[in-house]
Amino acid sequence: MKHIIILIVFLTNLIFSQSMEVENEFRKVSGIVKGYDIPKDGILVPYVGLKRAVITDSYGIFCLTVPKNNSVFIEIPICGALTIREIKTTDNNVIIDISEIEKSTKQILRSKQNWNKEKNKLLPILINIYNSTEYDRANNEYCF
């Protein structure tokens, strides 16, 4: 009887740990912020709703560590306002051209609408993911 209980506890822990690993898989997304074909260095790129951000380097390049199975949203400062951009699960490289975004309010509105629609469901998930040690390890591996 004692061996059966130990086996059940072991299998439960094994199953739970494997499901947590799948949930916290990450991928790297590279991006560049530019305006009128000039790289923008020192631009703060925060994750929407999270206390995390990255900064573009001298070439306008930034690196994001994002969950494999969740979209995330970032904010880009344009003309004194923050513009929301969705990073989809299919995005690997992102080019953010400030000069194009200034012209394209349709894309900005669509990203804001997607964020407003998803934030109640997505934000608690992302907070857990980005506060995990798995994220810290993945971020150090991908972006540093």
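Here is a short tour of this model, stop by stop, for you to follow in your viewer.

**Before you start**

You're looking at a predicted model, where local features need pLDDT of at least 70, side-chain atom pairs count only at pLDDT 80 or more, and totals for chains, interfaces and linings use all residues. Residues are numbered from 1 along each chain as its sequence is written, and side-chain values use heavy atoms, leaving out hydrogens and water.

**Stop 1: colour by confidence**

Colour the chain by pLDDT, the predictor's confidence in each residue, from 0 to 100. The protein chain averages 81, and 76% of the residues score at least 70. Now pick out elements: helices (H or I, at least four residues) and strands (E, at least two) are DSSP runs, numbered from the N terminus. Helix 1 (residues 2-23) has the lowest mean pLDDT, 49, while strand 5 has the highest, 95. Select residues 16-22 too: the pLDDT there is below 50, and beyond near neighbours in sequence the stretch has one contact in the model (contact means heavy atoms within 4.5 Å).

**Stop 2: the disulfide**

Select C63 and C143 and show their side chains. What joins C63 to C143? A disulfide does, with 1.9 Å from S to S; the cut-off is a pair of cysteine sulfur atoms within 2.5 Å. The pair links distant parts of the chain, with C63 in strand 5 (residues 61-67) and C143 in helix 4 (residues 133-143), 80 residues apart. The torsion about the S-S bond of C63 and C143 is about -65°, so this disulfide is left-handed. Is C63 buried or exposed? C63 counts as buried, at 16% relative accessibility (buried is under 20% relative accessible area, exposed over 50%, partly exposed in between, with a 1.4 Å probe and protein chains only).

**Stop 3: the rings**

Next, select F26, Y47, Y130 and Y135, which ring pairs link into a cluster. Rings of Phe, Tyr and Trp (its six-membered ring) pair if their centres lie within 6.5 Å; planes under 30 degrees apart count as stacked, over 60 as edge-to-face and the rest as tilted. The count for the model comes to four aromatic pairs. Zoom in on Y47 and Y130: this pair is tilted, 4.9 Å centre to centre with 50° between the planes. Y47 sits in the loop between strand 3 (44-46) and strand 4 (53-55), and Y130 in helix 3 (residues 105-130), 83 residues apart. Y47 is buried at 2% relative accessibility, and Y130 is buried at 1%.

**Stop 4: L82**

Finish at L82, in strand 7 (residues 81-87). L82 is partly exposed, at 45% relative accessibility. Leaving aside residues up to four places away in sequence, L82 touches E75, I76, P77 and K112.
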